[in-house]
Amino acid sequence: MFVSESLGVNEKGHLVFGGHDTVDLSEKYGTPVYIMDEVLIRKNCRKFVNSMNENYDGNGRVIYASKAFSCKAMYKIINEENMGIDVVSGGEIYTAMQAGFPMEKAYFHGSNKSLSELEFAVKSGVGRIMVDNLFEMEKLIEISEKLDTVVNVIVRVKPGIEAETHSFIMTGQTDSKFGLDLDTGDAMKAIKMALSAEKIAFKGIHCHIGSQIFAVDSFEHAAKVMVGIMEDIKNETGYEVEELDLGGGFGIRYIEEHNPADFREYMEKVAVVIKEECAAKNLKTPFVIIEPGRSIVAEAGITLYTVGAIKTIPDCRTYVSVDGGMCDNPRYILYQSSYMAVIANKANEKADFCATIAGKCCESGDMIQEHTMIQKPESGDIMAVLSTGAYNYSMSSNYNRNPRPAVVMLNGDEERIVVKAETYEDLIRNDM
């Protein structure tokens, strides 16, 4: 029935998450509220780290794509699990620094980093800056010379791969805002600029083919293409690439029908491709980097709501409204993302009621899910939406001047607030 190993049903018929009664959690913290299971987060981290060590003999690093879910508590967990971080803004860099994260293990991504962000990253000691375009390379050369500091860079290239996922989250195809194109020669030009610059240390190449990908062969194909690019770089410049970042995008279970491959299957198969291709092309096996984000935290999170108005439109649908919506989970209005919902106080009952779960925002498209099966709802019920640990809190907003919910972290019998719920006072804090 459930999409995460953290979920279950207790003797009261209530939904349990991370060993805690979700109805009790809703009463204690109010709704809406994000709930995260630290035990599962750490378990997922260790799966990746252990598999990396096994398949690459320790010659690699797992970096957490923190855009999925970032806060000081999360950066502390990632550091304790011996992982690096992928950051995409000055704000994420600042948050990680405030959490005491070692910045030499930070990798700064983004398609249009501002000049102030680039300078902040260099001054903060960020370990690698992932160069996305020629303009960025030019500015990094200027910044490195101005600050008299060597800047380590990895160049993001487009491998020309169209992964099977939603068009909004495909990133590896030629027509993408991300990365430098191979066919136009921009990627090789950026690499040559880096190699010739006095204060730039070119370390390697990076790709990312998309998100929520189930097919392991997409990643195998990307690895083969990237090793071919390594060969081209060596032939044209004489430089042998030291680091190969293959990005992330590993799929997770949002609904029962989803069947993602085990993390370890991906690691094993891709490692074989890299080693065989490098041997065939007389290349050294590079230091391999991967960037899981969603697959670390998505199934380790749920969101709890309270059911409000219920409206039935004959021969059409029944709207079941909750006290949140696109302001705390914009993914359905953005990409019609699938989710599983459960009436938490009736989790032992059959899910035989067809509902459209509507949010409270003044937008017709503000839905959590349409025509989905849940237990028969009543006003006042607690609804849990599952697998919301990734891209829910991080993409939340104050639309309609709604305060963002709290984030509660569970760890066995313990529970703690890691992000406080916003208040109305918070909403006007910066108003003049």
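Here is a friendly briefing on the fold, the cores and a handful of residues in this protein chain. The model is predicted. Its protein chain carries twelve helices and 20 strands. With a radius of gyration of 23 Å, close to the 22 Å that the globule rule gives for 432 residues, the chain is as compact as a globular protein of that length.

**Overall shape and surface**

- If you turn the model along its principal axes, the C-alpha trace of the protein chain spans about 70 × 55 × 45 Å.
- Of the 432 residues in the protein chain, 58% are buried.
- Take the contacts between residues at least 6 apart in sequence: 70% of them join residues at least 24 apart.
- The accessible surface of the protein chain comes to about 18100 Å², and carbon and sulfur atoms account for 46% of that surface.

**Nonpolar cores**

- The largest nonpolar core holds 107 residues, and Ile41, Ile205, Leu246 and Val297 have the most contacts inside it.
- Another core lies apart from that one; this core has 22 residues, including Phe17, Val342, Ala384 and Val408.
- For a closer look at Leu246, set aside residues up to four places away in sequence: Leu246 then touches Cys207, Ala223, Met226, Tyr266, Val270, Ile274, Val288 and Ile289.

**Buried residues in helices**

- Arg331 belongs to helix 11, which covers residues 331–335.
- A relative accessibility of 4% is under the 20% cut-off, so Arg331 counts as buried.
- Beyond residues up to four places away in sequence, the contacts of Arg331 are Tyr254, Arg294, Gln336, Ser337, Tyr339, Ala390, Tyr391, Asn392 and Met395.
- Arg331 and Ile368 are 37 residues apart along the chain, and their C-alpha atoms are separated by 8.1 Å.
- Phe263 is part of helix 9, residues 263–280.
- Phe263 also counts as buried, at 14% relative accessibility.
- Not counting residues up to four places away in sequence, Phe263 touches Asn44, Lys47, Phe48 and Ser295.
- Between the C-alpha atoms of Phe263 and Ile274, eleven residues apart along the chain, the separation is 17 Å.

**Two lysines in loops**

- Lys113 sits in the loop between strand 7 (106–108) and helix 5 (115–123).
- With a relative accessible area of 5%, Lys113 is buried.
- Leaving aside neighbours within four places in sequence, Lys113 is in contact with Phe108, Leu118, Ile129, Met130, Asp132 and Glu136.
- From C-alpha to C-alpha, Lys113 and Gly90 are 8.7 Å apart in space, and they are 23 residues apart in sequence.
- Lys199 is found in the loop that runs between helix 7 (186–196) and strand 10 (200–206).
- Leaving aside neighbours within four places in sequence, Lys199 is in contact with Ser144, Glu145, Asp148, Thr149, Val150 and Val151.

**Backbone features to look at**

- Most residues other than glycine have a negative phi, and most peptide bonds are trans.
- The peptide bond from Thr31 to Pro32 is cis, and its omega is near -10°.
- Pro32 lies in the loop between helix 1 (22–29) and strand 4 (33–37).
- Asp315 is a residue other than glycine with a positive phi, near 60°.
- You will find Asp315 in the loop between strand 13 (301–313) and strand 14 (317–322).
- The relative accessible area of Asp315 is 86%, over the 50% cut-off, so Asp315 is exposed.
- Asn400 has a positive phi near 60° and is a residue other than glycine.
- The loop that holds Asn400 runs between strand 18 (382–386) and strand 19 (407–411).
- Asn400 is partly exposed, and its relative accessible area is 37%.

Methods. Residues numbered from 1 in each chain as written. Predicted model: local features only at pLDDT ≥ 70, side-chain atom pairs only at ≥ 80, totals over all residues. Heavy atoms only, no water. Helix = DSSP H or I, 4+ residues; strand = E, 2+ residues; numbered from the N terminus. Rg over C-alpha atoms; globule rule 2.2 N^0.38 Å. Buried < 20%, exposed > 50% of the residue type's maximum accessible area, 1.4 Å probe, protein only. Contact = heavy atoms within 4.5 Å. Areas by Shrake-Rupley, 256 points an atom, 1.4 Å probe, with all protein chains shown as cover. Core = buried A, V, L, I, M, F, W, Y, C linked by side-chain atoms within 4.5 Å.
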